[in-house]
Amino acid sequence: MGKKRPNGTSAAGVTAAVADQPQMADGATPMTTSQASADAIPAATGPAGATAAEPETHRGFRFVDRRALLRLAGTAAAIAPATSLLAACSGSKGSSGVRPVRIGVVTPQSGSLSAFASTDLFVTDYMTTWFKDHGGIAVGNSTHPVEIFIRDSQSTFARAAKAATQLIYEDKVDIVLVDATSDTVNPVADQCEVAGVPCISTMAPWESWYFSRGGTIDLKNPFNWTFHFFAGLNDYYQAYSSMWGDRVATNRTVGALWPNSVDGQWFSHPKLPFRAGLDNNWKLVNPKQLDGKGSQQDYLYTPGTKDFKPLISAFQAGNVQIVTGILDETDFAQFERDAGSKSFEPKIITVSKAAMFDSDLRTIGAQVSNNLTTELFWSESSPNRSFVTNLPSKDLGQKYRAETGRQTSPQQLGASMALFDVAAQALSAINSIDDRKSIASALKSLTARTILGEVKFGAREGLPQNVATIPLNGAQWRWHQDSYTFELVQVNSSGNNALQNQGQLGPITYDA
């Protein structure tokens, strides 16, 4: 596994030219098609260029019964718990002559975001084999084979949009799945929204997906075709702050590493839950103005900076003992180098992106990565199982490690699998695969069971119709010198107490 190649007859050998990426005022590259203002929640503009017709909607939530699906596909559930829900074939028609369901996947298999897609090809390989070996997907009165088409976003905004366009117009997919940060998710969702193709996305804070694409503060849904499930800024704040207030004594003074990017702008937005929670319950040190009266821009640094020392000096002047942020491993590695030269030693460092995968920690450095903390949304300890394959989380993780030779099962594995869980249930709830509107309508009213837990779009007050959230817990990385391995240990279960803690939070230790 881990082969960096497409699955599908028309996904190979893509050499199309990539357009230049648009630039922000400070020279940084934006991550979505409609960069929102950093100073205010966006106005009610809606997504630019959205011309597709709105699909029908249904009241209430549609719950897809697994056994009923199996019976529809003509296989007894008692004999094969998940057979005949889905299938794949290499040809263009199934044995019954019906056309295949075409599922498109956009994934950053190359470039700076490839760590976020490290499990995607394993999952698509697994799904391809599963689909081939088990019946078909029951859509109305027909059973359809399934084909998967994969396009590499190359970790760029423009290439992600191009990949989505190719899936839609060249591969003619029925639905698009995408993950791996706002850089990939947002441009793909925008292309699907304009083209009128259902899209399911994950692995980006929902505010970054929603507001950056034209979502409005009143949360009235401007999207007809695109659906997103992941944690929101309040989930991040609760997960992080619950760790910080537990077991390690600090002065409650926080320094933030927020890049001037889509995610950085929403995490730092004073009207949204993460920044508001820090302002109201902690002391947030402003790098430029320590009296706390600076603008939002004062908290943002330029991505790719080669010198964090001025920022670190501000943290030292403010007596920062907790550092948080959402930055990539390149920026975090530079921060760690500069922090060492400045003898800056915070008690707790909690960051997203850079501290999510052990592969990135090895790049940053084992010793400085020991006891870093981050969010946790899936692990092999999860009590959930895949709806498609019926495989428990523990077994999925073991299968991944056995077939890839990896020492750990990254959180991304659960998210990659959950995309197929949601898509399968939506497709099985419609009467005709040729009716794209019905797929979008099914998603709006679907209660999906996934390996991440239940996914309900628009089920909670305070969420847009096309958004579902998943809980976050807190976890800490432990470096095992004897085996040269990292272990991500859950240390706080405030987001999902169904998962038991595996250890206690400890402060970062610094070599003498």
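What pLDDT does the chain average, and what share of the residues score at least 70? The chain averages a pLDDT of 82, and 79% of the residues score at least 70. Here pLDDT is the predictor's confidence in each residue, from 0 to 100. This is a predicted model, in which local features need pLDDT of at least 70 and side-chain atom pairs count only at pLDDT 80 or more, while totals for chains, interfaces and linings use all residues. Residues are numbered from 1 along each chain as its sequence is written, and side-chain values use heavy atoms, with hydrogens and water left out.

Let us begin with the parts to treat carefully. Over residues 1-40 the pLDDT stays under 50, and it is below 50 over residues 42-92 as well. The model has 96 contacts beyond four places in sequence for residues 1-40, where contact means heavy atoms within 4.5 Å. Where pLDDT is low, the predicted coordinates should not be read in detail.

Now for the overall picture. The chain has 15 helices and 19 strands; helices (H or I, at least four residues) and strands (E, at least two) are DSSP runs, numbered from the N terminus. Of its 512 residues, 59% count as buried. Buried means under 20% relative accessible area, exposed means over 50%, and partly exposed lies in between (1.4 Å probe, protein chains only). Among contacts between residues at least 6 apart in sequence, 75% join residues at least 24 apart.

Next, find the open sheet. Its six strands come in the order β5-β2-β6-β7-β8-β17, with parallel pairing. Two strands pair if DSSP finds at least two bridges between them. At the edges are β5 and β17 (467-468), each of which pairs on one side only. Helix α2 (residues 120-133) packs on the sheet, where it touches β2 and β5, and its direction makes about 165 degrees with that of β5. For such angles, axes are lines fitted to C-alpha atoms, for helices over the stretch in contact, and angles run from 0 to 180 degrees between N-to-C directions.

Val 105 has Ile 150 as its bridge partner in β5 and stands opposite Leu 177 in β6. Gly 104 has Val 176 as its bridge partner in β6.

Is Ala 164 buried or exposed? Ala 164 is buried, with a relative accessible area of 0%. Leaving aside neighbours within four places in sequence, Ala 164 is in contact with Val 106, Val 188 and Gln 191.

Two residues have backbone angles worth a look. Most residues other than glycine have a negative phi. Gln 154, however, has a positive phi of about 60 degrees; this residue sits in the loop between β5 (146-152) and α3 (157-169) and is partly exposed at 32% relative accessibility. Thr 181 also has a positive phi, near 75 degrees, but lies in helix α4 (residues 181-195) and is buried, with a relative accessible area of 2%.

Elsewhere, strands β12 (residues 322-327) and β13 run parallel, joined by six bridges, and Gly 325 stands opposite Val 351 in β13. With helix α10 (residues 329-341), these strands make a right-handed β-α-β unit: with the strands pointing away from the viewer, the path from the first strand over the helix to the second runs clockwise. In β13 (residues 348-353), six of six residues are buried.

Finally, look inside. A nonpolar core is a set of buried Ala, Val, Leu, Ile, Met, Phe, Trp, Tyr and Cys residues joined through side-chain atoms within 4.5 Å. The largest has 114 residues, and Met 127, Phe 229, Trp 258 and Phe 377 have the most contacts inside it. Helix α14 (residues 412-427) supplies the largest share of this core, eleven residues. Apart from it lies another core of 26 residues, including Val 320 and Leu 327. Beyond neighbours within four places in sequence, the contacts of Phe 377 include Met 203, Phe 230 and Ala 415.
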